[in-house]
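Work through the exercises below with the coordinates open. Try each task before reading its solution.

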Amino acid sequence: MQETQNKRNVLVIVGREAEPPIMVDALRPRAEGTGFTLLVPAAALHGPDSPADWADAVDRAERGASAMRGAGLDVVETIVGDADFAAAAGDVMHSREIDDVVVLV
């Protein structure tokens, strides 16, 4: 496994139902020596490439990252991605060094 800045980089893919407290509780046991890349896919609720869906995803990403940082978790990066979980994850995994993946739905 590769390390980023002497830490493992764990990709965290967050579904619409994963609220910040759930994220923090799920990730806290993995926190030691770990940086987290948070990916929030922009769920297509209002049609393809809806500005409302992107705005919702940005808001969820900001709230999630803030809660994680507030709990002392190292957030390396926060990304809002494609509505398709697999496409969004593939984009991130092909462009960054990722050691592990956690999906919270």
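## Exercise 1: A89 and its surroundings

**Task.** Which residues does A89 touch, not counting residues up to four places away in sequence?

**Solution.** A89 touches L11, I13 and L39, once residues up to four places away in sequence are left out. Contact here means heavy atoms within 4.5 Å. The model is predicted: local features need pLDDT of at least 70, side-chain atom pairs count only at pLDDT 80 or more, and totals for chains, interfaces and linings use all residues. Residues are numbered from 1 along each chain as its sequence is written, and side-chain values use heavy atoms, with hydrogens and water left out.

Step 1: A89 lies in helix α3, residues 85-95. Helices (H or I, at least four residues) and strands (E, at least two) are DSSP runs, numbered from the N terminus.

Step 2: check one partner. A89 and I13 are 76 residues apart along the chain, yet their C-alpha atoms are separated by 7.4 Å.

Step 3: get the accessibility. A89 has a relative accessible area of 10% and is buried. Buried means under 20% relative accessible area, exposed over 50%, and partly exposed in between (1.4 Å probe, protein chains only).

## Exercise 2: R69 as a second case

**Task.** Is R69 buried or partly exposed?

**Solution.** Step 1: R69 sits in helix α2.

Step 1: its relative accessibility is 47%, so R69 counts as partly exposed.

Step 2: list its contacts. R69 touches V75 and T78, with residues up to four places away in sequence not counted.

Step 3: take a C-alpha distance. R69 and D91 are 22 residues apart along the chain, and their C-alpha atoms are separated by 24 Å.

## Exercise 3: Nonpolar cores

**Task.** How many residues does the largest nonpolar core have, and which elements give two or more residues to this core?

**Solution.** A nonpolar core is a set of buried Ala, Val, Leu, Ile, Met, Phe, Trp, Tyr and Cys residues joined through side-chain atoms within 4.5 Å. In soluble globular proteins, nonpolar side chains tend to be buried together.

Step 1: count. The largest nonpolar core has 19 residues. Those with the most contacts inside it are V12, V14, M23, L27, F36, L38 and M68.

Step 2: assign elements. Two or more residues of this core come from each of β1, α1, β2, α2 and β4. The largest share, four residues, is from α2.

Step 3: inspect M68. Leaving out residues up to four places away in sequence, M68 touches M23, V24, L27, F36, L38, L73 and V75.

Step 4: look for another core. A second, separate core has eight residues, including L11, I79, A89 and I98.

## Exercise 4: Salt bridges

**Task.** How many salt bridges does a search of the whole structure find? Which parts of the chain does the pair of R16 and D56 link?

**Solution.** Step 1: apply the cut-off. A salt bridge is a side-chain nitrogen of Lys or Arg within 4 Å of a carboxyl oxygen of Asp or Glu. The search finds nine salt bridges.

Step 1: take R16 and D56. Their closest N and O atoms are 2.4 Å apart. The pair links distant parts of the chain, 40 residues apart: R16 is in the loop between β1 (8-14) and α1 (20-27), and D56 is in helix α2 (residues 51-70). R16 is partly exposed at 35%, and D56 is partly exposed at 26%.

Step 2: take E19 and R63. This salt bridge has its closest N and O atoms 3.6 Å apart.

Step 3: take R30 and D100. Here the closest N and O atoms are 2.8 Å apart. R30 is in the loop between α1 and β2 (34-41), while D100 is in strand β4 (residues 100-104), 70 residues apart. Shared partners join R8, R30 and D100 into one network of salt bridges.

## Exercise 5: The cavity

**Task.** Which residues line the largest cavity?

**Solution.** Step 1: define the search. On a 1 Å grid over the protein atoms alone, a cavity is a set of points where a 1.4 Å probe fits but cannot get out; lining residues have an atom within 4 Å of a point. Grid points are joined across faces, edges and corners, and a volume is the space filled by probe spheres set on the points.

Step 1: count and size. The structure holds one cavity of 30 Å³ or more. The largest cavity has about 60 Å³ of space.

Step 2: read the lining. V14, R16, A18, E19, P20, M23, V40, R60 and R63 line the largest cavity. α1 and α2 each supply at least two residues of this lining.

Step 3: sort by class. The lining has five nonpolar, no polar and four charged residues. Ala, Val, Leu, Ile, Met, Phe, Trp, Tyr, Cys and Pro count as nonpolar, Asp, Glu, Lys and Arg as charged, and the others, Gly among them, as polar.

How values were computed:
On a 1 Å grid over the protein atoms alone, a cavity is a set of points where a 1.4 Å probe fits but cannot get out, and a pocket is an open set with protein on both sides within 12 Å along at least five of seven lines; lining residues have an atom within 4 Å of a point.
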